[in-house]
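Student: I would like to learn how to read the strands, helices and confidence values of a model. Where do we begin?

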Amino acid sequence: MRVNWISFSTNKHHHIIVKLAVVVLLLGLAFRLFVAHYKGFASDLESPVSEKVQVRAPYVEPPVLVGISENEDHIHLDVITEKCDLFKGDWIPNPSGPSYTNESCPWIENHQNCMKNGRPDFGYLYWKWKPHDCQLPRFNAERFLELMRNKAWALIGDSISRNHAQSLLCMLSTVEQPVQIHQDVDSKSKRWHFQSYNLTISNIWSPFLVKAATFEDINGVSTAEVQLHLDKLDKKWLDIYPSLDYMIISTGKWFLKAAVYHENDVIVGCHLCPGKNLIELGFEYAYKKTLHHVMDFIKTSKHKGLIFFRTSTPDHFKNGEWHNGGTCPKTIPAKEGEVKIKDLNRILRNIELEEFEKASAKVANNELNLKLLDFTNLLLSRPDGHPGPYRQFQPYSKNKTAVVQNDCLHWCIPGPIDFWNDVIMEIVANG
């Protein structure tokens, strides 16, 4: 049968057949379009439905562990994440390097300004801390400043606290430069203000946390024993304590110095004081007494802010110590198990952990927010992160074989200490 689509025959029989053919063809075309559209619509629904089951359904086991890229500053509420120990991990390559340099940050102390002082290698800058069981987002300065709007921070302790304060200021300065609004007569305690956010950050010099009279020069050389009052907290941090929203309290290495100990204004003994006819009590006695007194004060203070207690940090002096030729020539992180914690560092840390555990068992009942920062594992494998001889400006410019004092205790800025801020922000924002 021939159907002419241009001119219809007047033949009635042919006319009916043509109409039927057209109807059949149109119905077939409509059916094909309907099926194709239905399949496409169904395929569009499959992906969101399955994702919703994987992420949100409470009966799915195990929970999805979501990787977080370096640039992410938050986790969506519909994503399940796993908690992990942020203080156990490894250093992995970080091609992007630090977020600032010594040229972009004006707050770096000369002794830790390794780049300015001529350190020739830069590999120590290209590593980042990676916890074993989760991703750690990089420090987000803008988000931190937003979270800390109208807040007051303080880093309280010795020169390692100052080292950390400068690191934090440098990272925040990538968003806004703070204004220094206070310093004490010795320029050891300082305060900065981020004006756009009304955030203050204080660095309080209190190396013992208790009242102390020290007698030493800028290089740490003592001319007499420290006079240490173990039962009197240092007013420099005590006076500012009630006004703080966040604080990091720490101490440590200064207790290894020769000292005379006072309690109730009476000399009770000493550490390293031959010829003074005093009882040699040792630094452990003084350290336990001091930390116990500090924790007792915190427990009964009814403070509403967040209090971090940070353990003391390991050093990496080899073939000597600070004043007798110790060095730290490493230029890459140590392998796991390659560096062992020194006996003195281990003793200090054990006392710190013991006193913190005693306090934390009681503060929960007082609704205090006390948390531990134990960066021992994070720093133990970074013997490459110290200034070494580059605590001085161009130490070998005049003599390539000169014998110079090395600093294997403090940390280059920028350097490994910057990653303390990554951990702290994760605890503050999501802990």
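Student: How many bridges join E3 to E6?

Tutor: Strands of a sheet pair through backbone hydrogen bonds, either parallel or antiparallel. Here 6 bridges join strand E3 (residues 152-157) to strand E6 (residues 199-205), and the two run parallel. Strands (E, at least two residues) and helices (H or I, at least four) are DSSP runs, numbered from the N terminus; two strands pair if DSSP finds at least two bridges between them.

Student: At what angle do H3 and H8 pack?

Tutor: Axes are lines fitted to C-alpha atoms, for helices over the stretch in contact, and angles run from 0 to 180 degrees between N-to-C directions. Helix H3 (residues 159-172) packs on helix H8 (residues 418-430) at about 75 degrees, with axes 9 Å apart. That makes H3 roughly perpendicular to H8 (65 to 115 degrees). Contact means heavy atoms within 4.5 Å; among the residues that meet are Ile160 and His164 in H3, and Trp420 and Ile424 in H8.

Student: What pLDDT does the chain average?

Tutor: pLDDT is the predictor's confidence in each residue, from 0 to 100. The chain averages 85, and 81% of the residues score at least 70. Over residues 29-81 the pLDDT is below 50. Where pLDDT is low, the predicted coordinates should not be read in detail.

Terms used. Residues are numbered from 1 along each chain as its sequence is written. This is a predicted model: local features need pLDDT of at least 70, side-chain atom pairs count only at pLDDT 80 or more; totals for chains, interfaces and linings use all residues. Side-chain values use heavy atoms; hydrogens and water are left out. Angles under 35 degrees count as roughly parallel, over 145 as roughly antiparallel, 65 to 115 as roughly perpendicular and the rest as oblique.
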